[in-house]
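Please look through the entry below before reading on. The numbered points that follow are meant for someone who has not seen this structure before.

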Amino acid sequence: MSLDIATIARTYPKHNVAHPFDPLAYDELETTVRIVQGSTHFRNGMRFVMLQAKEPTKAFMATFRSGQSFERLADVLLIDTTANRSIDAVVSLSKGEVVSWSIAQDKGQPMLIPDEFVEMTIICMQDERVARALEKRGLDIAERGLVCIDPLSAGYFTEAEDPSRRLVRGMFLLRKESNDNIYAHPIEGLTALVDLNAQRVVDITDTGVVPVPQTMRNYERQYVKNLREPLKPIVITQPEGVNYTVDGWSVRWQRWSFHMSFNAREGLVLHDISYDDPFTGRVRPICYRASISEMTVPYCDSTSTNGMKNAFDVGEYGLGVLANSLTLGCDCLGEIRYFDFDFVNAFGEIESVPNAICMHEEDDSIMWKHTDLRTEKVENRRSTKFVVSFISTVGNYEYAFYWNFRLDGSIELEVKANGIMQTGAVQPGEKARHGTMMEEGLYAPNHQHFFCARLDVQLDGDKNRVVEVNSVADPTGPTNPLGNAFYAKTTIFETEQEAKRCHDYRSARTWVVQNPNSLNRMGTPVGYRIEPMEIGQPYFNEDSAIAKRAGYLNHHLWVTPFNETELFAAGRFPNQNPGPDGLPVWTEQNRAINNEDIVLWYVFCHHHVARLEDWPIMPSAKLGFKLKPTNFFDFNPALDLPPAFAKTCGATKGHCESGHAPGGTREFVPQRLTRLMRRTMRREKLVAEAEGLLEEKRAKRMSGSKSKA
Ligand SMILES: [Cu+2]
């Protein structure tokens, strides 16, 4: 049977657009491409970088009501490979026409397109200088599948990477057999700078031959000797159904509601996160838009190969376009609801990622518990978390993003960094100064994974502020006679420059978003604070190329007034962008941020000095942050959870009931008395003894009075 793409496309499920935040549906993508390619502006040599729904303005959304008709607009970003420029177009699907067409003025180059990765390999393979450099290393570029070339964003180190050319840097690795882990065999010292528009290698860097590490170190199942016995299955079922409801891209779970979208650059975006609060009887807005604005992975090595790896994974590669198709039982466990993602490739063809977003509930241990010591009465509530997730493969790494909603009013972004580390080679007998040796001649360079979340907060309305809280111990004296007391010192940020802040563990520093116009039952502003997980800081020097390009990494917190054009922490086009751009530039305006419509930018990091345990594939490294209600609710929002019911365990007979390990051979099991029984017996004994003494005293008194008489 032949594969009829046209038939598949026609039968692909189409959904009706119900909401301005909805991502473009399959048929809308088709229509937009047709309108763009049919317009008088379109030329041969133009390629699609991104095509997505144009987000509505906040002013429009303030008046939008469900079911209302609206003009459906698409944002289109193109590159003109002939004229070497980028084009921004807006298409009205409602009118069926291009409504604006202009040359993009932003610094840098638009992100790389996956179709260009393949082209880069072909361009390198046809280059004589590449062939000769490989020959020097005893390698033949013509041998099929032997030499692999990874596309690394070019960065901006000298004028050679000037964004007037569209560049990518090829890094060379060896594949010794078809399923081999290529990162065990880096071809050190060799890189090729490729001009994607001119379709040629513009420069080769060859710092000399280093033997390619030959040790095979593979992780695929066929390579692992003695796989352990499979674990007995943990089955997660929800026989009465799930607790969430989905209407198009709108989601409700318990008291939470939000809208989702998904785009090529950021991947998952959450809109209009709100909480239906029974204490106030209101649906309370919390965040207008939440996304991963940027990621930067600086490789902190001195070589021309690893030292030039500085991936801006959001702005240079795109988390959405590289999203995985998730698999039940492997990526996700439980009663899962999946969402697909359709996007347009360089040539205007639609590509689909089935099961790009995963939604499910997870048991989350206890929410709260207390045992009254006098009565031994136990109150215990289970925590359930609602998880919306996606995973992207950016070259050698997988990044898994989990937005966790909880019953206590908290929202957590958990990131799991997975995959294979970048590597380099050293001469036999040498050790790497800026990395960890993994094999003889092979090392993993020091590097860091930075993430920047953009949180357009909206606590009980648009006007918010950010307060820094530092714990301060008073000097021993009248206010602190025992020398043990501390107080929470608060500082309200008035301007952008004041709000460029870093963590300080010594003062347990936190930042609280507040709405000064919305007060809780104690009369203080309602708030949410940022609770960190792993914290890191960059180690680049100020005069380095990366310091100029990724200035947003210099602070964990930034606060800006809302501006719909300010979406990406390192600028719109970080690719080949000399910097500075993004947050460091915008905040120079030092705009007012107290009691304004503000956006929080939170930077967090996995600091990766490699371990042998990370090789050949690393176990997940977890990082992220939590948005924790801080005087937002008048009481514990999980107070009204119904009690959890004690169950007996079915897995191993006797395991739950007895305190000793199952399967024991003890013939005599003594009668067990609980702590309460023991205490009651002891109390009763003491009371009886006391009563006996009293009786004795009373009897003595009686006999004494009789003798006196
Ligand atoms: Cu890493």
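1. Strand β12, residues 267-277, contains D272. In this predicted model, D272 has a positive phi of about 50° although it is not a glycine. Most residues other than glycine have a negative phi.

2. The peptide bond leading from G579 into P580 is cis, with omega near -10°. Most peptide bonds are trans.

3. Where is the cis peptide bond with omega of about 5°? It joins W615 and P616. P616 belongs to the loop that lies between β29 (596-608) and β30 (618-629).

4. Turning to the strands, β5, β6, β7 and β8 form an open sheet in that order, with antiparallel pairing. Its edges are β5 (147-153) and β8 (200-206), each of which pairs on one side only. On average, and ignoring direction, neighbouring strands of this sheet are turned by 30° against each other.

5. Within that sheet, β6 (residues 167-174) and β7 (residues 186-195) run antiparallel and are joined by six bridges. For R169, the bridge partner in β7 is L193.

6. Which helices lie across strands of this sheet? Helix α4, residues 114-125, lies across β5, β6, β7 and β8 and runs at about 125° to β5. Helix α5, residues 128-135, lies across β5, β7 and β8, and its angle to β8 is about 25°.

7. On confidence, the protein has a mean pLDDT of 93, and 94% of its residues reach 70 or more. Among its elements, strand β28 (residues 557-561) has the highest mean pLDDT, 99, while helix α1 (residues 5-11) has the lowest, 43.

8. Two stretches should be read with the confidence values in view. Over residues 1-15 the pLDDT stays under 50, and the model gives this stretch six contacts beyond four places in sequence. Residues 651-666 have pLDDT below 50, and that stretch has six contacts in the model beyond near neighbours in sequence.

Definitions and conventions
Residues numbered from 1 in each chain as written. Predicted model: local features only at pLDDT ≥ 70, side-chain atom pairs only at ≥ 80, totals over all residues. pLDDT = per-residue confidence, 0-100. Helix = DSSP H or I, 4+ residues; strand = E, 2+ residues; numbered from the N terminus. Contact = placed C-beta atoms within 7 Å. Pairing = 2+ DSSP bridges. Axes fitted to C-alpha atoms, helices over the stretch in contact; angles between N-to-C directions.
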